[in-house]
Amino acid sequence: GDMVCTTPVFAALKRAFPSCRLTVVCTALNRELLAGNSDVDEYIVWRSTKEAHTLLRRGNFDVGILVAPSPDSLATFLLAGVSWVIAPRMSGKTPFQTLSYRLLLFLCAVVPHTLGKYAPREYLHLLEPLGVTDDDTTKKLAYSRGAGEQMAFFFAEQGIRGFPGAQI
């Protein structure tokens, strides 16, 4: 769900900076979820901290944006030489905002994130240090033709009508 709620950030970045190259660092599952998203140019699948560090260092990234507190991710971005890292400071108690994460925040642009508020809008606030204010929280998902055919077949088998492409 968090990755789906992050897709408005990708769209807002592309609207603000149409020629930017947008790379998403994510799990293999989230890469599949985002497959076909026209706002994403490249994926780095996080298999290990060491591998992610190497790939981030090679990518020579200007900006890194964390949408959730993770000391491993934050340290990896910083140690890989990402020029500018933007990270959330969570309100309230959360086990993910560890002491090491809070200390690393001193090296970043920090944006307040209020737990319990609408996540896509909170994620969009992470763009404000870049001068981007956007309120469009429309989620954007895509799927392959094969996946569309499988869904259409499933819905047809269940007698569900009205699904786009439900005619097989």
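A crossover is right-handed if the path from the first strand over the helix to the second runs clockwise when the strands point away from the viewer. In this predicted model, local features need pLDDT of at least 70 and side-chain atom pairs count only at pLDDT 80 or more, whereas totals for chains, interfaces and linings use all residues. Residues are numbered from 1 along each chain as its sequence is written, and side-chain values use heavy atoms, without hydrogens and water.

Helices (H or I, at least four residues) and strands (E, at least two) are DSSP runs, numbered from the N terminus. E3, H4 and E4 form a right-handed β-α-β unit; E4, helix H5 (residues 99-104) and E5 form a right-handed β-α-β unit.

Two strands pair if DSSP finds at least two bridges between them.

| Strands | Sense | Bridges |
|---|---|---|
| E3 (residues 63-65) and E4 | parallel | 3 bridges |
| E4 and E5 (residues 109-113) | parallel | 5 bridges |

Glycine 64 has valine 85 in E4 as its bridge partner, and proline 88 stands opposite valine 111 in E5. Strand E4 (residues 84-90) is largely enclosed by the rest of the structure because 5 of its 7 residues are buried (under 20% relative accessible area, 1.4 Å probe, protein chains only).

Helix H3 (residues 49-59) packs against helix H4 (residues 71-79) at an angle of about 35°, with the axes 9 Å apart. Axes are lines fitted to C-alpha atoms over the stretch in contact, and angles run from 0 to 180 degrees between N-to-C directions. In the contact (heavy atoms within 4.5 Å), H3 contributes Thr49, Ala52, His53, Leu56 and Arg57, and H4 contributes Asp72, Thr76, Phe77 and Leu79.

Terms used:
Buried < 20%, exposed > 50% of the residue type's maximum accessible area, 1.4 Å probe, protein only.
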